[in-house]
Amino acid sequence: MSYIRIWVHFVWATKGRSKILTKDFRPILFNHILENAKQKDIYIDQINGHLEHVHALVSLKSTQKIEDIAQQLKGESAFWTNNKYSKLRDKLNWQKEYFAVSVSESQVEVMRNYIKRQEEHHRQKTYQEEVEEFIKKYNFSRFKD
């Protein structure tokens, strides 16, 4: 038997970075994403976010691809939201792009705490500042919105 543990930190944003993930709606959305992920055998260790983006710490199985996980989490959650809450709120669309980076086992607890404290974190730093920091820290090439 093989033993595999691959942690990935995912971040994705609303289209146009519209601030529609309100404080009262986020727990509903995140609970749904967790339930949907469980049904699809995707293990989300931690999920949280702020007005225009979501962070998720995911442990991948050997058969799972980053691209597939991102599509399944983003696509289904937008579909569900827009069907269930279409009369109550603005339409939810995610940007095509997303951020995904590996997390070493020694940093998993640090990442969990970072994701848990998103609201506090964004009192001090905007999402755009966070994106710029990620691009610089991980040496990513620039991408178009």
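**Figure 1. Overall view of the predicted model.** The protein has five helices and four strands, which follow the pattern β-α-β-β-α-β-α-α-α along the sequence. Its C-alpha atoms fill a box of roughly 50 × 35 × 30 Å along the principal axes. The radius of gyration is 15 Å, which agrees with the value near 15 Å for a compact globule of 145 residues. Of the 145 residues, 46% count as buried.

**Figure 2. The aromatic pair of W12 and W94.** This view shows one of five aromatic pairs in the structure. The ring centres of W12 and W94 are 5.9 Å apart and the planes stand at 85 degrees, so the pair is edge-to-face. W12 lies in strand β1 (residues 6–13) and W94 in the loop between α2 (66–84) and β4 (99–103), so the pair ties together parts that are 82 residues apart in sequence. W12 is buried, with a relative accessible area of 1%; W94 is also buried, at 11%.

**Figure 3. The aromatic pair of F25 and Y85.** The pair is edge-to-face, with 5.3 Å from centre to centre and 80 degrees between the planes. F25 lies in the loop between β1 and α1 (26–39), while Y85 lies in the loop between α2 and β4, so parts 60 residues apart in sequence are tied together. Both F25 and Y85 are buried.

**Figure 4. The cluster of F25, W80 and Y85.** Ring pairs link these three residues.

Key
Residues are numbered from 1 along each chain as its sequence is written. This is a predicted model: local features need pLDDT of at least 70, side-chain atom pairs count only at pLDDT 80 or more; totals for chains, interfaces and linings use all residues. Side-chain values use heavy atoms; hydrogens and water are left out. Rings of Phe, Tyr and Trp (its six-membered ring) pair if their centres lie within 6.5 Å; planes under 30 degrees apart count as stacked, over 60 as edge-to-face and the rest as tilted. Helices (H or I, at least four residues) and strands (E, at least two) are DSSP runs, numbered from the N terminus. Buried means under 20% relative accessible area, exposed over 50%, partly exposed in between (1.4 Å probe, protein chains only). The radius of gyration is taken over C-alpha atoms; the globule rule is 2.2 Å times the number of residues to the power 0.38.
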